[in-house]
Amino acid sequence: MGALRNVVIAILVLSILTFIALFGQLPALRKTPIGWLQRALCLHLPNGLKYADQRATGGRLTSRSKRLGQYLFYEQNPVVLVHPTLPTHPHAKLSTLQIIFLLLLTLSSTLFLWNASHRLPTTLLFPIPLLLALPYSFTYLTVTHQTHFITPSNLHSRLRDYPYDHILFHPATPACRTCALPKPARSKHCSLCQRCVAKSDHHCPWVNNCLGRGNYRYFLALLLSLGILQIYGACLSLYILRPIYHSSSQTHPHNSWTDIGDAIVSAINQGGLSIAGVGLLAASTAALPLGLLVYHCYLIWAGMTTNESQKWADWRDDMGDGYVFKASRAQLRTWNRLRKYRGGGGDGGEWQRVNGHGQGGVAENPALSIGVEEGGDGSEVLWPTSSDQMVVRTNDGKPPVGQEALWTRIWGLDEVENLYDLGGWENFVEVMRGR
Ligand SMILES: [Zn+2]
Ligand SMILES: [Zn+2]
């Protein structure tokens, strides 16, 4: 019993820690105990260890673990990448994390069904084949998806998917150095997949693929189906264990919390690892896929990807410091034309291009150097909304010199439009259509 209890405690602690690490960074949770714990775990604890290592070994452990981290997360290695396994999908690769996930799912369901199926009525067994088939099918679809990778042959279409918003994405961004292809709006190069990904969300080591345009919906379906399977498994285990608990209460009435605790422990004990252990594992970890699903629903509702939510968070911080200004692109163009007509003049405020390439003291104003709102190859973008806004971050907290009248300081994200937000429901429809 002691071993089972320890396993249960370890599972609970691990799920709580994972939850804190995953969700403590969310803007809504930043100023709550979850946010504080996340910073303590992910920021202060590593800093403290680094300091201790600096004093003890002169920083040797830190540099070694940094190299290991770099290897594990950003380079191809057996943990995140094992070799091609599916002849029909030569690019799909299995990772160790993925193998662990599939093994855990397969072993725990087999163990549970082997010992529990004869104790369950047919009506409760009936949905199991479907509930089990769904997570495997969605894993397969997420893992083998390839069309979100940007290639010379689909580049033209990918450039037409989304307009550049001139805040997070710019048509003037240099081409990807690895792929040697222009970067469509909302795309990102993945160092693990070694390719640029359309509407990049994030690289998921559990499915060993990038989530982006097309397979993001399968990933959401995987989270949902996995969460449902786990809850259903936990309910089945409760269904088997409850009579044991109740029968013990008839022979020995539960008068105190200790009695109730003892009865629960004895019911778990009689259920054994295959029923009580699997049930507890399912119940305690169901919050992970479902919590992640809720987080992704929030992102979809807000019209952004995980990648974009990080970029927006950087903007929000700079806005809070009062370093961000917005202007109308049409007005900036008119201003530029008039300035050229008058023979130029000394403008060129200390503005910094939003994509991080500092260009202090440029003579042209941002709207002209960034160009028109079509896709990079000049074809028309198939996106229902457009925007006239231009947003810049300045180095000195002052609006671009000579153009003060054209720029308004903005203090928060609510003052800028998110061009990729079509409205909550429409955003969901887009994702479900694989866009
Ligand atoms: Zn690339
Ligand atoms: Zn990737």
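Mentor: What follows is a short talk about metal sites, cysteines and a surface patch in this predicted model.

Trainee: Which residues are the protein donors of the zinc ion (ligand 1)?
Mentor: Cys176, Cys179 and Cys196 each give an SG atom, and His189 gives ND1. These donors lie 2.0 to 2.3 Å from the zinc ion (ligand 1).

Trainee: What arrangement do the four donor atoms make there?
Mentor: A tetrahedral one, because the angles they subtend around the zinc ion (ligand 1) run from 101 to 121°. To count as tetrahedral, four donors need all angles between 85 and 135 degrees.

Trainee: And what spacing do they follow along the chain?
Mentor: The donors of the zinc ion (ligand 1) are spaced C-x2-C-x9-H-x6-C.

Trainee: Cys176 and Cys179, buried or exposed?
Mentor: Cys176 and Cys179 are both buried.

Trainee: Now the other zinc. What coordinates the zinc ion (ligand 2)?
Mentor: Cys190, Cys193 and Cys210 through SG, plus His203 through ND1, at 2.1 to 2.3 Å. The angles around the zinc ion (ligand 2) are 103 to 116°, so this arrangement is tetrahedral. The donor residues of the zinc ion (ligand 2) have the spacing C-x2-C-x9-H-x6-C in sequence.

Trainee: Where do Cys193 and Cys210 lie?
Mentor: Cys193 is in the loop between β3 (188-190) and β4 (195-197), while Cys210 is in strand β6 (residues 209-211). The pair therefore ties together parts that are 17 residues apart in sequence.

Trainee: Why do those two count as buried?
Mentor: Buried means under 20% relative accessible area. Cys193 has 15%, and Cys210 has 2%.

Trainee: How many disulfides are there?
Mentor: Zero, from a search of the whole structure. A disulfide is a covalent bond between the sulfur atoms of two cysteines.

Trainee: What about Cys235 and Cys297, how accessible are they?
Mentor: Cys235 is partly exposed, because its relative accessibility is 45%. Cys297 is also partly exposed, with a relative accessible area of 30%.

Trainee: Changing topic: which residues make the nonpolar surface patch?
Mentor: Ile9, Val13 and Leu17 make that patch, which covers about 230 Å².

Trainee: Where is Ile9 found?
Mentor: Ile9 is in helix α1, residues 2-23.

Trainee: And why is Ile9 called partly exposed?
Mentor: Because its relative accessibility is 44%, and partly exposed falls between the 20% limit for buried and the 50% limit for exposed.

Terms used:
Residues are numbered from 1 along each chain as its sequence is written. Chains are lettered from A and ligands numbered from 1 in the order in which they are written. This is a predicted model: local features need pLDDT of at least 70, side-chain atom pairs count only at pLDDT 80 or more; totals for chains, interfaces and linings use all residues. Side-chain values use heavy atoms; hydrogens and water are left out. Donors are N, O and S atoms within 2.8 Å of the metal (3.2 Å for Na, K and Ca); water is not among the atoms, so sites may look incomplete. Four donors count as tetrahedral if all angles lie between 85 and 135 degrees; four count as square planar and six as octahedral if opposite donors are over 155 degrees apart and all others between 65 and 115; anything else is irregular. Buried means under 20% relative accessible area, exposed over 50%, partly exposed in between (1.4 Å probe, protein chains only). Patches are made of residues with over 30% relative accessible area and no salt bridge: like charges are joined within 9 Å, nonpolar side chains (Val, Leu, Ile, Met, Phe, Trp, Tyr) within 5 Å. Accessible areas come from the Shrake-Rupley method with a 1.4 Å probe; for residues, only the protein chains shown count as cover. A salt bridge is a side-chain nitrogen of Lys or Arg within 4 Å of a carboxyl oxygen of Asp or Glu. Helices (H or I, at least four residues) and strands (E, at least two) are DSSP runs, numbered from the N terminus. A disulfide is a pair of cysteine sulfur atoms within 2.5 Å.
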